[in-house]
Amino acid sequence: MNHWYMLTLTGADRPGIVAKVTQALYEHGMNLGEASMLRLGGNFTIMMMVSGELEAEALEEALQPVARSLGLSLHVDEMEGGLHRHLVPNIMVRVSGADRAGIVARVTGVLADAGFNILDLESDVAGSPDKPVYLMQIAGIASVPLETLEAALAPLRKEGIEVNLSPVETLVG
Amino acid sequence: MEPLPILTIPDERLKQVSEPVERFDDELRRFVEQLEITRRHGPAAVGIAAPQVGRFQRICIVDCSITRKPVPNHGHLVLINPEITHWEGYEVGREGCLSVPDYTGNVIRATQIRLRAFDEQGEEHEYEMEGFEARAVQHEIDHLDGILFIDRVVSRRTDLFRRKVYK
């Protein structure tokens, strides 16, 4: 098996980015693995696992023309790891509150101290420019009971940060 | 009795629509027993449907009495020719499937259902279900219609947007 690379591409959003990038990868015989692609603040961002014959440098060279033509910055890292290493979250944390410095650090700091492993974090700013509201959803694995995390997060509520926890029971059928 | 082999994607047979059961006989009951053994054999499945083992009849088993955190449930249920007669509400929840190894995703399902089904003796029952158990039944009945949860997975952001609009 060839090794995996982590490809990072970002730039102003426009239609056709995914099609052109993946076409170039296909033409160079590269395979795709797991990927996260989304629009952040008017930019399109791609984090994608790819594997194939090409060395890191050759891969970068192969993609540079399409990246340049789309105005994307490109970064290639060799990575350890591979497919089929999914972990299943058991807790979902939802946070919202007036946007202010430190809100993410406060919440994730408490979670980290409790040994909570974040698998997936999405954050966004809603509301309006003069009244921004910070929203965050975190899926992860807690090794302590939900009630313990709940107690650890309680002090944050006094500061006007809305945090709620819910168990994630994955249905297998 | 040995567990039956499970069909996994991309097996086209998983898309087949299953036929109603017409004869409630010993052969059917033996199959139900074998299906149950197969459900228990895998990793903690709360449900299984006949087409997952290559029998295209409207038969499934649901048992939500085994969850990590207890949920409202009717115990071990054999559901034959099941029909959902009423839906209400919806929520997003995480699902996986014996036929889709190493993948889980978020799916929107009704939170409350009324269900009519026969058991393996041919007796008709009606159930009112909510939450996790209602989700399990919807997941299994989908199998009977050739639908997998991956056909219904919603994007990461859908959850939030839906909540905003309807809650």
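How many salt bridges does the rule find across the interface of chain A and chain B? The rule, a side-chain nitrogen of Lys or Arg within 4 Å of a carboxyl oxygen of Asp or Glu, finds 1 salt bridge there. B:Lys69 pairs with A:Glu147, and their closest N and O atoms lie 3.7 Å apart.

The model is predicted: local features need pLDDT of at least 70, side-chain atom pairs count only at pLDDT 80 or more, and totals for chains, interfaces and linings use all residues. Residues are numbered from 1 along each chain as its sequence is written, chains are lettered from A and ligands numbered from 1 in the order in which they are written, and side-chain values use heavy atoms, with hydrogens and water left out.

The interface was examined next. Polar contacts between chain A and chain B number 12 residue pairs, both residues at pLDDT 80 or more. A polar contact is a pair of N or O atoms within 3.5 Å; within protein, one must be able to donate a hydrogen and the other to accept it, and residues adjacent in sequence count only if both atoms are side-chain atoms. On the side of chain A that touches chain B, two or more residues each come from strand E2 (31–40), E6, E7, H4 and strand E9 (171–172) of chain A. E6(A) gives the largest share of that side, 6 residues. Helices (H or I, at least four residues) and strands (E, at least two) are DSSP runs, numbered from the N terminus. Chain A brings 24 residues to the contact and chain B brings 28 residues. Contact means heavy atoms within 4.5 Å. The two chains, A and B, bury about 2,100 Å² between them. Of this area, 49% is on carbon and sulfur atoms. Buried area is the accessible area (1.4 Å probe) that two parts lose on being put together, summed over both. In chain A, the residues that lose the most area to chain B are A:Glu169, A:Leu171 and A:Gly173. Together they make up 34% of what that side buries.

Strands of a sheet pair through backbone hydrogen bonds, either parallel or antiparallel. In chain A, 4 strands form an open sheet in the order E6-E7-E5-E8. Their pairing is antiparallel. Two strands count as paired if DSSP finds at least two bridges between them. Strand E6 (117–128) and strand E8 (162–167) of chain A are the edge strands, and each pairs on one side only. From one strand to the next, the twist averages 15 degrees. Axes are lines fitted to C-alpha atoms, for helices over the stretch in contact, and angles run from 0 to 180 degrees between N-to-C directions. E6(A) pairs with strand E7 (residues 131–141) of chain A in the antiparallel sense, over 11 bridges. A:Ala126 stands opposite A:Val133 in E7(A). Helix H3 (residues 103–113) of chain A packs on the sheet and touches strand E5 (91–98), E6 and E7 of chain A. The direction of H3 makes about 20 degrees with that of E7(A). Helix H4 (residues 146–157) of chain A lies across E5 and E8 of chain A and runs at about 170 degrees to E8(A).

Salt bridges were also searched within the chains. The whole structure holds 19 of them over all chains. A:Glu150 and A:Arg157 meet in one, at 2.7 Å from N to O. A:Glu150 is partly exposed, at 24% relative accessibility. A:Arg157 is also partly exposed, at 36%. Buried means under 20% relative accessible area, exposed over 50%, and partly exposed in between (1.4 Å probe, protein chains only).

In chain B, B:Arg135 and B:Glu95 form a salt bridge, with their closest N and O atoms 2.7 Å apart. The pair links distant parts of the chain, 40 residues apart: B:Arg135 is in helix H2 of chain B, and B:Glu95 is in strand E3 (residues 76–97) of chain B. B:Arg135 is buried, with a relative accessible area of 5%. B:Glu95 is buried too, at 0%. Salt bridges that share partners join B:Glu95, B:Arg109, B:Arg135, B:Asp142 and B:Arg152 into one network.

A further site lies in strand E4 (residues 73–79) of chain A, which holds A:Leu74. A:Leu74 is buried, at 14% relative accessible area. Its contacts, not counting residues up to four places away in sequence, include A:Leu7, A:Leu9 and A:Leu63.
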